[in-house]
Amino acid sequence: MTTRLFHISDVHFGVEDPAALSAVERAVQKEKPDALVCTGDVTQRATHAQYAAAAEWFSRMDVPVWIDPGNHDMPYYNLFERFSRPYDRFNALHRSASLTTFETEDVVLVPLKTIVRSQNRWPWSDGVVTDAALSRTVALLKSFSEDERALIVTAHHPLLGPRHDGPSDTIGGPAAFDALVENGMNAVMTGHIHRPFNEFRSGGSGRAQMIGAGTISTRLRHGAPPSYNVLTCKRGEEIAVEPRIVGDPPKA
């Protein structure tokens, strides 16, 4: 037996790509993955209308859904709410549509928050791993010590910059990567840069697989078309990652 995960990111409801959304929905309905994982930026400006559209779309998925927050998922126009209750709108979606735990015989998902309401730099879109966020994730990893399943951390921002794109902009990302590897992380799934990647990086006393999903919005970068990933996980084996460009047929 294996576990198959569909990995999407940066949907950006508000500037979403309807054709890409439809392609993912059809693939989910046809192939029935064990879960649909979205690593953040569900919305473009975190408006109530954009969250309503996201909730309606996720509600049509007939598989378990896992959603992480991205930097676009905090209020943009309402600064009072951004600073006083930055996660209320995301949390409402999370309660209605998303898992809080996910385990199979092959894999365990563990969340890591890489967003903050403000930073001492501009833009505020880049990632930050706070000590508190890292401590929560490390504690979860430690609860699965000696587990033979793949321990996959999910986050919005890549902890290390993919080799193709140079150094990481995530404050605390390299140190977090080392600490997570030290505590058993086998892989980390992220989004944010709107380009898929899959590479192994050394950290701590070992190495871990870095898996990035592209975007299924109209906000294309790096010349990368809309895409998503299909992960095949089997206990004790390397995670197989199939990037799918929207419109391309699945591999046989």
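Which residue of S8 stands opposite threonine 190? In this predicted model, the residue facing threonine 190 is glycine 212 in S8.

**Strand S6 and its partners**

Strand S6 covers residues 187-190, with Ala187 and Met189 pointing one way and Val188 and Thr190 the other way, and all of them are buried. In a regular strand the side chains alternate between the two faces of the sheet. S6 pairs with strand S5 in the parallel sense, and valine 153 stands opposite valine 188 in S6. Strand S8 also runs parallel to S6, and the two pairings are set out below.

| Pair with S6 | Residues of partner | Sense | Bridges |
|---|---|---|---|
| S5 | 150-154 | parallel | three |
| S8 | 206-212 | parallel | four |

**The nonpolar cores**

The largest nonpolar core has 26 residues, among which Ile8, Leu36, Val42, Trp57, Phe58 and Ile67 touch the most other members. At least two residues of this core come from each of strand S1 (3-8), helix H1 (18-31), strand S2 (35-39), helix H2 (48-59), strand S3 (65-68), helix H4 (88-97) and strand S9 (227-233), and H1 gives the most, with five residues. Leaving aside residues up to four places away in sequence, tryptophan 57 touches Ile8, Phe13, Leu21, Val24, Glu25 and Leu36. There is also a second, separate core of 24 residues, which includes Leu151, Ala176, Leu180 and Ala208. In soluble globular proteins, nonpolar side chains tend to be buried together.

Note on methods. Residues numbered from 1 in each chain as written. Predicted model: local features only at pLDDT ≥ 70, side-chain atom pairs only at ≥ 80, totals over all residues. Heavy atoms only, no water. Core = buried A, V, L, I, M, F, W, Y, C linked by side-chain atoms within 4.5 Å. Buried < 20%, exposed > 50% of the residue type's maximum accessible area, 1.4 Å probe, protein only. Contact = heavy atoms within 4.5 Å. Pairing = 2+ DSSP bridges.
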